[in-house]
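Good morning. Please have a look at the sequence and the model before I start.

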Amino acid sequence: MRRLMYEARAQLASPVRNPRMATVVGRLLGVAFLLCFGTGLYSHFLQEPLPWMRFATRPSGLYQVTQGIHIVAGIACFPLLLAKLYVVFPQLFQYPPVKSVGNLLERASIALFVGASLVEVTIGLLNTYQWYPFPFSFRQVHFALAFVIVGSLLVHIGVKLPLITAHWRTTPTPGPDERHPVDTEQDGTAPDDSDATIEAAADGAGLSRTGGVTGRVLSYIDATPAVPPRVSRRGFLATLGLSVAAVVGLTAGQTFAPLDALNVFGPRKKGTGQQGVPVNRTSAQAQVGTTALAASWVLTVAYRGVEQSFSRDDLLRLPQTDVDLPIACVEGWSQMASWRGVRMRDLADLVGAADDTAFRLVSLEQRGSFKQTEMGSEYVRDPLTLVALELNGETLDLEHGYPARMIAPGRPGVLQTKWLSRIEAIDA
Amino acid sequence: MTPDIPTSPHAPTTEPAETGRMRTARVVLIAIGVLGLAWGAYVMFDTVSLRRLPGVALWIGAAIVLHDAVISPLIFGLGVLTRRAGHRLTGGIIVTVQAAIVLGSVMSLIVVPAIVAQSYAPKNPTVLPLDYALNLGGFWLAVMLGSVLVSVGLYARSRRANHRPSLRQS
């Protein structure tokens with residue numbers, strides 16, 4: 001068994017599988033993970049704020065940027081994570097498999113770290129496709145795994161810190177001794193052919209170089225010429241760089257306008273959809289087709305027993321404001337648009353609401369996590385926050401929230417409540 | 001070639017002595033990390049219904065198996081085969097071909113799920129509005145074309161170098 005493990009590691013040895021490369025790729029992956037974590041937490045708290053939290057309403061495209069970074073960094077994690085796992089793969093064949101209790105815990109945490117990371121980026125990607133083939137809820141698991149991953153990351157950095165600091169800067173090439181797996185803690189015991197513990201024939205796979213299928217395969221691999229270490233290392237880094245550039249460059253146009261022309265793989269495309277704006281939840285999904293188009297529709301604004309109802313014509317007779325604000329979705333796409341409607345703060349003033357009043361926005365939607373959302377006073381009082389009645393110069397399309405929807409600066413699309421029916425003050 | 005036994009990458013001379021600061025940093029990192037893990041576990045049990053948890057565990061386990069037992073051996077085999085097939089060529093050309101295969105594969109890994117998701121009649125026409133299969137084909141074509149061009153360039157350069165006596169030889 002020990003011989004087999006050594007054999008596996010010797011065969012997997014490569015000029016790119018060394019602690020320096022693990023440090024170089026690990027740094028990039030660590031940065032990508034932390035970017036995802038930070039922007040993810042920001043998005044989470046925007047949607048589920050703690051009572052004391054207030055948010056910045058400027059720049060008005062703030063959420064567009066943070067969530068764009070979340071998705072771009074998440075996609076970059078695919079090549080980075082695969083590259084990191086490629087570099088450290090020989091570690092899998094450590095012998096003995098477990099050296100001590102500490103080693104067992106470390107290996108267990110690495111397994112969890114790797115598995116959780118792979119699942120996290122995969123379900124994140126599938127969520128941007130609105131495809132849910134996994135047997136659990138996306139939001140809760142994606143959120144919980146984020147802490148598992150960042151916790152494991154810190155443990156991992158803590159365990160490897162001496163190795164990371166030793167290889168933080170490039171060191172002179174170690175020379176002919178290059179073909180070694182990563183981070184081997186060699187205790188000086190070389191595998192001994194006469195070792196009685198070798199379980200050569202146990203699984204029928206002969207380990208001798210002269211016979212058996214395994215032997216012949218290994219000889220074949222041994223006879224394969226190696227690529228010069230320098231070329232191999234440079235090629236590896238170039239491939240990684242090109243892969244990151246490709247997956248990011250060909251998808252990021254869904255939010256980053258200058259790359260729109262290169263957007264051939266993004267799950268969203270700028271300018272698609274009614275009135276040139278993509279849609280996250282359709283009127284059919286929300287089942288608002290009849291209620292939203294009913295002639296009896298009114299928007300009710302309520303504050304401490306004062307209630308006022310406005311028909312669409314009533315709203316159109318109030319002072320109208322034009323704003324340019326992006327719709328920025330949690331799924332990472334965004335679309336700039338021109339909106340026209342009534343300032344939210346004007347409506348709040350009409351019912352005499354105090355300046356620090358937060359409001360609950362109620363949609364005509366019967367089901368769905370966002371049929372009711374809450375809006376902090378910083379957004380209520382912002383001059384850019386509108387109850388929008390028009391989009392890009394036309395009457396708001398049903399898919400975009402007709403008869404009236406909310407649009408505020410720097411908030412996730414799911415909080416830009418469509419098909420409004422009631423806006424009520426939240427009692428402090 | 002005999003299999004070389006892995007030796008330690010960090011000989012005692014390069015191993016930094018663990019200073020007090022290093023030790024403190026490690027303890028702090030690991031302690032915060034364990035807290036993060038515990039919090040993650042708590043959030044998981046708190047927000048995800050109990051009957052869904054086996055599914056989460058299954059996906060995490062399956063991801064490890066899929067990577068370690070399928071993807072990694074495949075990549076290893078591919079590396080051996082490309083080096084074998086190109087044994088008369090310079091390392092640069094082999095690496096270029098490998099890079100093209102990796103680029104195409106990574107992109108496929110991300111785009112094929114989009115093609116599959118698209119095949120379930122989308123409820124929302126603004127989700128996945130592009131022809132991803134066509135674009136992926138174009139991407140593979142462009143990558144292969146690029147690798148051929150680079151390889152031809154590298155091949156021509158190595159031929160010229162072989163035909164020209166080096167300065168040291170003259």
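One caution first: what you see is a predicted model.

Let me start with how chain A is divided. Domain 1 of chain A takes in 2-170 + 206-249, and domain 2 covers 276-425. Notice that domain 1 is written as two stretches of the chain. How far apart do the C-alpha centres of these two domains of chain A lie? The distance is 41 Å. The two domains do touch: 20 residues of domain 1 of chain A and 18 residues of domain 2 of chain A take part in the contact.

On the domain 1 side of that contact, three helices of chain A each give at least two residues: α2 (19-47), α3 (62-88) and α4 (101-128). Of these, α3(A) has the largest share, with seven residues. Sorted by class, this side of domain 1 of chain A has seven nonpolar residues, eleven polar ones and two charged ones.

Now the contact between the chains. Here chain A contributes 87 residues and chain B contributes 72. On the chain A side, the helices that each supply at least two residues are α1 (2-12), α3, α4, α5 (138-166), α6 (212-222) and α7 (229-249). Which helix gives the most to this side? That is α5(A), with 20 residues. By class, the side of chain A that touches chain B comes to 57 nonpolar, 21 polar and nine charged residues.

A few words on chain B itself. Of the 170 residues in chain B, 24% are buried. If you take the contacts in chain B with a separation of 6 or more, 56% of them join residues 24 or more positions apart. Chain B, too, is assigned two domains: domain 1 is 20-78 and domain 2 is 86-161. The C-alpha centres of these two domains of chain B are 31 Å apart.

In soluble globular proteins, nonpolar side chains tend to be buried together. The largest nonpolar core in this model has 90 residues, and A:Cys77 and A:Val247 have the most contacts inside it. The helix that gives the most to this core is α3(A), with 16 residues. Leaving out residues up to four places away in sequence, A:Cys77 touches A:Leu29, A:Ala32 and A:Val121.

Five strands of chain A form an open sheet with mixed pairing, in the order β2-β1-β10-β5-β6. Why is one side of β2 and of β6 left without a neighbour in the sheet? Both β2 (306-310) and β6 (372-375) of chain A stand at the edges and have a single partner strand each, so one side of each has no neighbour there. On average, neighbouring strands of this sheet are turned by 15 degrees against each other, direction ignored.

Strands of a sheet pair through backbone hydrogen bonds, either parallel or antiparallel. You can find both senses around β10(A). Strand β1 (residues 299-303) of chain A pairs with β10 (residues 420-425) of chain A in the parallel sense, over three bridges. In this pairing, A:Val301 stands opposite A:Ile423, and A:Thr300 stands opposite A:Arg422. Strand β5 (residues 359-363) of chain A runs antiparallel to β10(A), and five bridges join the two. For A:Phe359, the bridge partner in β10(A) is A:Ala425.

Last, one residue. A:Ile327 sits in strand β3 (residues 321-328) of chain A. Is A:Ile327 buried or exposed? A:Ile327 counts as buried because there are 23 C-beta neighbours inside 10 Å, and the cut-off for buried is 20 or more. Not counting residues up to four places away in sequence, A:Ile327 touches A:Val277, A:Ser334, A:Gln335, A:Ala337, A:Gly413 and A:Gln416. A:Ile327 and A:Val72 are 255 residues apart in sequence, and their C-alpha atoms are 17 Å apart in space.

That is the end of my part.

Key
Residues are numbered from 1 along each chain as its sequence is written. Chains are lettered from A and ligands numbered from 1 in the order in which they are written. This is a predicted model: local features need pLDDT of at least 70, side-chain atom pairs count only at pLDDT 80 or more; totals for chains, interfaces and linings use all residues. Domain bounds come from an automatic or database domain assignment. Two residues are in contact if their C-beta atoms, placed from the backbone, lie within 7 Å. Helices (H or I, at least four residues) and strands (E, at least two) are DSSP runs, numbered from the N terminus. Ala, Val, Leu, Ile, Met, Phe, Trp, Tyr, Cys and Pro count as nonpolar, Asp, Glu, Lys and Arg as charged, and the others, Gly among them, as polar. A nonpolar core is a set of buried Ala, Val, Leu, Ile, Met, Phe, Trp, Tyr and Cys residues joined through C-beta atoms within 7 Å. A residue is buried if 20 or more other C-beta atoms lie within 10 Å of its own, exposed if 12 or fewer, and partly exposed in between; C-beta atoms are placed from the backbone. Two strands pair if DSSP finds at least two bridges between them. Axes are lines fitted to C-alpha atoms, for helices over the stretch in contact, and angles run from 0 to 180 degrees between N-to-C directions.
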